[in-house]
Amino acid sequence: MADACGQVVLGSGLTVLSHPLMYIKVLIQVGHEPLPPTLGRNLFGRQVYQLPGLFSYAKHIIKIDGKAGLFKGLGPRLCAGTIGTVVHSKVLQRCQDHIIPQVLGGQQNAVDGSLQHVVNETTKEMIARSCATIVTHPFHVITLRCMVQFIGRETKYSGVFDSILTVYREEGILGFFAGLIPRLLGDILSLWICNLLAHLINTYAIDDSMSHTGEMKNCSQAVTGFFASMLTYPFVLVSNLMAVNNCGLAGGLYPYASVYPTWVDCWRHLSREGNMSRGNSLFFRKLPAGKVYVVDQQRFF
């Protein structure tokens, strides 16, 4: 219990610190570009048109809503983080205490470092993460919609409880789970890619007789985690877009945004437009090739 409380406190602190970054990232993901491109230089010194980065975007938000404006949607996000930490901890403990379906015919107490052990532990983590994601997704949806209100200057989603009533009244229970499937798929794929790649590197590329073996294995876990998140980023993008799609906010309605019947349609449209990595970078944002900046709608077409 003490560990869970410590995780909640630490997680809440990190959430508050990182919230402005997520806020700006979400606005970029939905295609909102309030500032026109400027002429700058890339890493090689060549002159290119660049989109405003993190700090320029933050200054724009502060100019309109003040510093507090950078924390829109923080309340439901803190609720999601707290509940998610507790659910993840409880489910993971249940998986540790009870036998789960074994893969590859191995034993529950497989040798540490073996492929069977990695598969067993990853399966338990997958179950715990999936349960936490499903339980907290309604708060994630509300968080995103609170953020996207910046585009149309709406006040439709103002508080956690009022937002819950709004979603239920307009969309029913299913409205709380908009964008859940791609989010779950992305989380599961990212987890398996990260753990299996780290296992391969630690087994075949790192010799236990080498010095600083522990540090190198931790580093490999971090590197594979970053690599996995890059590969599965399109799932995050599609999930966030579907969470605000056709929800009554300007940022999720035509003509500002396309209306997608399913997340597969959203994926296909982004793929055709070459926007599968939109919002992935907050620095050195190059002007999209073949796109025209429309001043009145503050986005690219």
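The tour goes from the whole chain to one residue, then to salt bridges and pockets.

The model is predicted, so local features need pLDDT of at least 70 and side-chain atom pairs count only at pLDDT 80 or more, while totals for chains, interfaces and linings use all residues. Residues are numbered from 1 along each chain as its sequence is written, and side-chain values use heavy atoms, with hydrogens and water left out.

**Whole chain**

Show the chain as a cartoon. There are 9 helices and 5 strands, taken as DSSP runs (helices H or I, at least four residues; strands E, at least two) and numbered from the N terminus. Read from the N terminus, the order is α-β-β-α-α-α-α-α-α-α-α-β-β-β.

Switch to a surface. The chain exposes about 16300 Å², and carbon and sulfur atoms supply 65% of that area; accessible areas come from the Shrake-Rupley method with a 1.4 Å probe, and for residues only the protein chains shown count as cover. Of the 301 residues, 43% are buried (buried is under 20% relative accessible area, exposed over 50%, partly exposed in between; 1.4 Å probe, protein chains only). Among contacts (heavy atoms within 4.5 Å) with a separation of 6 or more, 70% are between residues 24 or more positions apart.

**Valine 8**

Select valine 8, in helix 1 (residues 2–29). Its relative accessible area is 17%, so valine 8 is buried. Leaving out residues up to four places away in sequence, valine 8 touches Thr82, Thr85 and Val86.

**Salt bridges**

The whole structure has 7 salt bridges (a side-chain nitrogen of Lys or Arg within 4 Å of a carboxyl oxygen of Asp or Glu). Select Asp65, Lys72 and Arg153, which are linked in a network of them. Between aspartate 65 and lysine 72, the closest N and O atoms are 3.2 Å apart. Between arginine 153 and aspartate 65, the figure is 2.5 Å. This second pair links distant parts of the chain, 88 residues apart: arginine 153 is in the loop between helix 4 (115–152) and helix 5 (160–171), and aspartate 65 is in helix 2 (residues 54–65). Arginine 153 is partly exposed at 44%.

Next, select lysine 156 and glutamate 170, whose side chains form a salt bridge of 2.7 Å, N to O. Lysine 156 is in the loop between helix 4 and helix 5, and glutamate 170 is in helix 5.

**Pockets**

Which residues lie nearest the centre of the largest pocket? Select Arg77, Thr133, His140, Arg183 and Asp187. On a 1 Å grid over the protein atoms alone, a pocket is an open set of points where a 1.4 Å probe fits, with protein on both sides within 12 Å along at least five of seven lines; lining residues have an atom within 4 Å of a point. The volume of the largest pocket is about 1600 Å³, as the space filled by probe spheres set on grid points joined across faces, edges and corners. Helix 1 gives the largest share of the lining, 12 residues.

Finally, select Gly31, Asn275, Arg278, Pro288 and Lys291, nearest the centre of the second largest pocket. Its volume is about 780 Å³, and helix 9 gives the largest share of its lining, 3 residues.
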